[in-house]
Amino acid sequence: MKRTVVIAGLGLIGGSLAKSMMKSEENYIIGYDVNQDSLEFARLNGIVHESTTSFKEALQNADIVILAAPISESIQLIGILNELPISKELIVSDVASVKTSIIKAASSLTNNKITFIGGHPMAGSHKRGISAAKAHLFENATYVLTPSVRSTEEKVETLKDVLKNTRSKFVVLSPDEHDEMTGVVSHFPHLIASSLVHQAKKWGDTHTYLPNLAAGGFRDITRIASSNPELWQDIFYHNREKMSVLLEEWIQEMIDLKVLVDNNKKNAMITYLQNAKNYRDGLPSKDKGVIPSFYDVYVDIKDQTGSIAAVAQLLAEHRISIKNIEILEMREGITGVLRLSFYSKKAQTESAILLRNNGFDTTIL
Ligand SMILES: NC(=O)c1ccc[n+]([C@@H]2O[C@H](COP(=O)([O-])OP(=O)(O)OC[C@H]3O[C@@H](n4cnc5c(N)ncnc54)[C@H](O)[C@@H]3O)[C@@H](O)[C@H]2O)c1
Ligand SMILES: O=C(O)C(=O)C[C@]1(C(=O)O)C=C[C@@H](O)C=C1
């Protein structure tokens with residue numbers, strides 16, 4: 001059965017969802033955004049079937065709406081939903097990184113035709129906008145659902161079915177549990193990454209050679225400091241209570257760590273580092289999911305003659321065998337994505353480093 005899905009906010013996340021949902025014949029995708037350029041990009045690149053700058057118009061025949069604008073904007077869209085004359089059953093979901101304020105706004109929906117099911121795909125990027133959207137962004141990622149009291153098991157299953165081509169792993173959590181845990185493993189690290197960059201910047205003012213010494217370690221730990229500041233201010237604002245608690249905990253942790261450094265507590269320091277390593281090394285990797293996954297590397301390639309050959313040649317020169325090669329997206333004039341599958345974790349890691357060192361933008365999911 002064909003269903004009409006409206007994606008409100010066609011940026012990195014909304015665009016990536018649209019691209020994955022377009023793979024199913026069942027979904028008719030309407031993109032709504034306040035930005036004309038994003039809509040035009042989506043239309044020209046076949047990311048949506050239709051597009052509009054009117055939320056009301058987009059909703060006319062909708063079965064499903066996914067709010068994918070920044071959190072405060074999505075909350076405003078929930079307010080607008082309350083004012084529109086919706087007479088058909090409508091499932092509304094979102095992708096916001098914080099869930100309590102969204103679910104609170106959704107609890108004010110008075111129209112009983114509307115069922116709200118909160119959502120948050122746990123994958124993303126420091127990039128923004130539809131040009132950075134990728135159909136495979138959520139593959140094997142955890143996708144949190146926070147159903148509202150009014151939603152039923154059946155509606156949750158319908159939403160999962162609409163989202164099935166994201167190939168993510170769904171989990172149901174309460175909004176508070178979600179905000180607490182993502183506060184620790186997603187939001188707080190962004191704050192720390194920015195603070196590390198500020199520290200380096202301060203030192204860089206008096207040590208002009210310092211940026212040249214910022215090698216892999218600094219770049220790895222601070223990649224997310226390059227994210228969209230407005231989006232992250234909004235996330236910190238909506239999760240401010242949890243952020244404040246985490247900051248206090250962190251400050252105490254740093255005070256304790258300073259004692260180990262100042263007093264050369266060798267064994268305590270080794271234990272501290274070892275415990276961190278054990279926990280970090282034991283984190284579930286995205287390829288351990290229910291979906292069979294090989295050792296894949298995604299490579300952004302330009303739509304230019306020879307760009308795929310250049311990738312293949314580079315790997316051949318270093319005697320790395322490719323198990324499978326697949327072009328995920330390649331449209332005229334824009335960057336495409338190549339999925340390379342390898343036989344081992346070692347080959348996967350080596351290829352990613354090799355390609356990165358040769359100027360390719362690579363991702364391991
Ligand atoms: N960036 C990530 O890594 C990530 C990951 C998971 C979830 N999220 C969540 O996804 C949401 C969107 O983030 P993004 O990274 O895609 O941002 P983005 O900046 O790439 O895209 C946001 C889009 O929303 C549009 N928009 C803004 N106000 C609007 C409105 N009132 N109506 C319709 N469209 C509007 C913008 O024009 C833009 O196209 C946020 O709520 C964020 O918390 C982000
Ligand atoms: O990979 C990144 O750049 C991200 O920050 C993605 C990330 C995260 O892992 O913290 C950021 C925000 C989200 O709500 C979900 C995922």
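This is a predicted model: local features need pLDDT of at least 70, side-chain atom pairs count only at pLDDT 80 or more; totals for chains, interfaces and linings use all residues.
## Basis of the model

Local features require pLDDT of at least 70 and side-chain atom pairs count only at pLDDT 80 or more, while totals for chains, interfaces and linings use all residues. Residues are numbered from 1 along each chain as its sequence is written, and chains are lettered from A and ligands numbered from 1 in the order in which they are written.

## Shell around ligand 1

Ligand 1 has 30 residues around it, of which Gly9, Gly11, Ile13, Ser97 and Gly124 come nearest (C-beta atom, placed from the backbone, within 6 Å). Two or more residues each are given by helix H1 (12–21), helix H4 (71–83), strand E6 (114–121) and helix H10 (229–238); helices (H or I, at least four residues) and strands (E, at least two) are DSSP runs numbered from the N terminus.

Domain 1 (3–173) and domain 2 (178–282) each contribute at least three residues to this shell, with bounds from an automatic or database domain assignment.

## The sheet

An open, mixed sheet holds eight strands in the order E3-E2-E1-E4-E5-E6-E7-E8, where pairing requires at least two DSSP bridges between two strands. Strand E3 (50–52) and strand E8 (169–172) are the edges, each pairing on one side only.

Strand E1 (residues 3–8) runs parallel to strand E2 (residues 27–32), and six bridges join them. Valine 6 has isoleucine 30 in E2 as its bridge partner.

## Helix H12

Helix H12 (residues 266–281) contains 16 residues. The number of these that are buried is zero, so H12 lies largely in the open (buried: 20 or more other C-beta atoms within 10 Å of its own; exposed: 12 or fewer; partly exposed in between; C-beta atoms placed from the backbone).

How values were computed. The expected span of a helix is 1.5 Å times one less than its number of residues.
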